[in-house]
Amino acid sequence: MRYWWVNQNQTFRQETEGGYLWSPKRNASAGRNPFYEFMREVAPGDFIFSFESTHIRAIGIAGSYAYESPKPAEFGNAGPNWNTIGWRVDARFVHMDNQIRPVEYMDRLAGVLPPRYSPLQANGRGNQGVYLTFVAPAMANILINLIGAQAVQLQSMFNTISEAGLTDMPQATAIGLAEWEEHLMDTVRNNSDLPETERQTLIMARRGQGIFKQNVMQIESQCRITKVDRIEHLRASHIKPWRDCEDSTERLSAANGLLLTPTIDHLFDRGFISFENNGSLLISPAAHQLSLQKMGIDIERPVNVGVFSDDQRHFLDYHREDVFLEARVNR
C-alpha cells in the first residue's frame, strides 16, 4: 500500500461522487507534469488523502490501476470528451467527520514534508500545480492521527486489504477504458466512407486476429515472453494500442504488433510490462509481483526478449511513454 495526496479544488464533487481520479496526460503546453505522471503508479488498495479548499475533506481507496480514459462529462462537457484522453483511477471516497486544515499543524508536519513534489509549502499552503503526489508513511501517519478514529479505522481496513490482496469493491474494472474502446469500435462500424470489408478488418485487428495477425506473423513467430509458438494460442498484440492509433495504417502495421499469449497480451496492453528497444523487459512498479509470476513473468532476474526492428522500436517508444505504468519523472 502507498499513500497519495490529491488536490481536488476544482473537481472534488465530481471525483468523490463519481468514484475516480482523472488527470490529463500532458500539461497545457504538451509537456510532462509529474503530478499527472504519478497517476501511472497508483495501485488497488492505495490510500488517498483528498484535499480541497485548505482542508482534507475525504479519504479514498484506489480500486484500480491507472488506465487511459476520456475526460469525464462531469467536468463541463455535454458528454465524454473523446478527443481528450487522460489517466483515470477508480476509487471510493469516504468523507471525514473531522476535516482538518494541515496549515494549522505545520509544527508537526514540517519535518516530514518530502524534499521533492511536496503537496504543501513550508508555510502550510497547498503547492500550486499539484494534482496527485505521494505521501511518505511518516507524514501519512501524522495526518491520520490528526483526523482521528475514522481515519485510523480506514487505515487498519486498508492494511488488511493490502495484506490479503482482497477488497470489497471491484478492482481494475477500467470502465472508462471499455466505454472509450466501444465508442471507437462504433465509430468504425458506422463509418460509411469505409468499405464493409475494411471495417471488419479493423474490428478484427482490435481482437488481435484477421489480417493484422497475418501481418504480424510475417515478422514474429512466438510469444516474446513464454516462447509459445502454436499460433492458435497466440494473439497479435498492438504495441501502440488500437485505441491510440491515428489511422488504419497504424492499426494494421506488422511493425505495430507482437505475438503474445493472452495473459501476456493483457499485461502489455494495460501497461504492466513493456520493453526497452534493446529487448530488456520492463516491469511496472505498480504491478502486483506475485500475479506477474503466476502469469509467466520472471521477476527474479533481468529478462531480454531479443532484438526489435527499427519500425517496432518506433512503436515501443510510444508504449513506454504513454502506456507503461511508470511515472516518467526525475526521482
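Start by selecting Leu-21, Leu-132 and Phe-275: they touch the most other members of the largest nonpolar core, which has 65 residues. Such a core is a set of buried Ala, Val, Leu, Ile, Met, Phe, Trp, Tyr and Cys residues joined through side-chain atoms within 4.5 Å; buried means under 20% relative accessible area, exposed over 50%, partly exposed in between (1.4 Å probe, protein chains only). Now colour helix H6, residues 175-189, which gives this core the most, five residues (helices are DSSP runs of H or I, at least four residues, and strands are runs of E, at least two, numbered from the N terminus).

A quick note before moving on: this is a predicted model, where local features need pLDDT of at least 70 and side-chain atom pairs count only at pLDDT 80 or more, while totals for chains, interfaces and linings use all residues. Residues are numbered from 1 along each chain as its sequence is written, and side-chain values use heavy atoms, leaving out hydrogens and water.

Next, pick Phe-75, in the loop between strands S5 (67-71) and S6 (81-95). What kind of aromatic pair does Phe-75 form with Trp-22? That one is edge-to-face, 5.8 Å centre to centre with 85° between the planes. Rings of Phe, Tyr and Trp (its six-membered ring) pair if their centres lie within 6.5 Å; planes under 30 degrees apart count as stacked, over 60 as edge-to-face and the rest as tilted. Trp-22 sits in strand S2, so this pair ties together parts 53 residues apart in sequence. Trp-22 is buried at 5% relative accessibility, whereas Phe-75 is partly exposed at 21%.

Last stop: show Trp-4, Phe-35, Phe-38, Tyr-117 and Phe-134, a cluster linked by ring pairs.
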